[in-house]
Amino acid sequence: MNELDALAGPEVLDVLHVFCGGDGRHGNALGVVRDARRHPDRGSRQALAAELGFSETVFVDDPERGTVDIYTPTQRLLFAGHPLVGVAWLLDLEAVRPPAGEVWVRDDGEFTWITARAEWAPPRRLVRYASPAEVDALPVPSPAEGRLYAWAWQDEAAGRVRARAFGPRGDHAVEDEATGAAALLLTERLGRALNITQGRGSQILTAPGPDGIVEIGGRVRLAAPAPVSAPPAGPASGAPSAEGRRPAPTARMTLPRSERTRLPHAVTMPEVTR
């Protein structure tokens with residue numbers, strides 16, 4: 001198949017959950033576009049990221065060298081933790097190269113780890129609370145308050161932390177289920193290894209290294225995206241079966257432009273209660 005044939009086929013999106021808990025649940029959802037040739041410029045990439053609605057979408061420019069481009073629904077990022085952990089796991093890479101710089105990868109069988117520097121992470125307020133219960137009780141702040149990483153010790157001696165991450169998106173604020181960049185900043189500030197429980201039950205492990213390097217690790221699993229809202233007729237398209245149920249969706253999906261829908265993602269909106 002030549003390049004023109006590849007681009008003529010349906011677009012494919014891999015959907016992952018990154019920083020899952022020990023039971024495989026939770027984690028922050030991530031969209032990975034393995035063939036970024038369909039979206040050669042920043043405008044088309046930003047438009048697709050906004051359309052999909054994940055907290056981040058990664059475009060793979062070179063799968064062998066690990067060259068990637070990261071977008072939120074509203075902006076391009078030089079670095080982000082959960083997209084790099086996720087794409088490194090998916091493509092089985094030894095290094096990932098976002099615009100911020102080269103990120104080395106290791107895998108210990110359960111966790112995928114990346115190395116990064118705190119100065120690569122977007123600035124964020126790190127606010128310590130007296131107890132995990134206070135963190136759990138926080139309302140979603142207003143967008144004017146900017147990025148907030150609220151945390152408390154669950155077990156200080158063991159390095160166990162309870163955290164939640166909030167940030168503006170347009171005219172409203174959202175909560176991220178798991179945020180590697182914020183965990184990186186907290187680890188750099190405290191100067192010690194951390195075991196962070198964030199959101200509804202995601203787990204992020206960190207460890208400071210030499211020369212300002214911090215390792216960030218987590219579990220990754222393939223997610224099952226929801227079927228499109230109005231698929232064409234026929235069982236192969238995801239139409240209801242004879243029993244009235246849809247076939248189970250797969251972790252890789254095609255995205256014909258006429259059938260795209262906003263996919264579910266791990267950002268908790270203000271009206272969602274815990």
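The accessible surface of the protein chain amounts to about 12600 Å², and carbon and sulfur atoms contribute 52% of that area. These values refer to a predicted model. Of the 274 residues in the protein chain, 48% are buried. The chain contains 17 strands and 5 helices. Among its contacts with a separation of 6 or more, 61% are made by residues 24 or more positions apart.

Confidence was examined along the chain. The mean pLDDT of the protein chain is 83, with 78% of the residues at 70 or more. Residues 225-250 have a pLDDT below 50, and in the model this stretch has 34 contacts beyond near neighbours in sequence. The pLDDT is also below 50 over residues 254-274, a stretch with 57 contacts beyond near neighbours in sequence.

Helix H2 was then considered in detail. This helix spans residues 42-52, and its residues Arg45, Gln46, Leu48, Ala49 and Leu52 are buried. Viewed down the axis of H2, the buried residues lie within an arc of 165° and therefore line one face of the helix. The cover over the buried residues of H2 includes strands S1 (12-20) and S2 (28-33), together with S3 (57-62), S4 (67-71) and S5 (76-77).

Local features were identified at both ends of H2. At the start of the helix, a side-chain oxygen of aspartate 41 comes to within 3.0 Å of the backbone nitrogen of glycine 43. Just after H2, glycine 53 adopts a positive phi of about 85°.

Definitions and conventions. Residues are numbered from 1 along each chain as its sequence is written. This is a predicted model: local features need pLDDT of at least 70, side-chain atom pairs count only at pLDDT 80 or more; totals for chains, interfaces and linings use all residues. Side-chain values use heavy atoms; hydrogens and water are left out. pLDDT is the predictor's confidence in each residue, from 0 to 100. Contact means heavy atoms within 4.5 Å. Helices (H or I, at least four residues) and strands (E, at least two) are DSSP runs, numbered from the N terminus. Buried means under 20% relative accessible area, exposed over 50%, partly exposed in between (1.4 Å probe, protein chains only). Accessible areas come from the Shrake-Rupley method with a 1.4 Å probe; for residues, only the protein chains shown count as cover. The arc is that of the directions from the helix axis to the C-beta atoms. A polar contact is a pair of N or O atoms within 3.5 Å; within protein, one must be able to donate a hydrogen and the other to accept it, and residues adjacent in sequence count only if both atoms are side-chain atoms.
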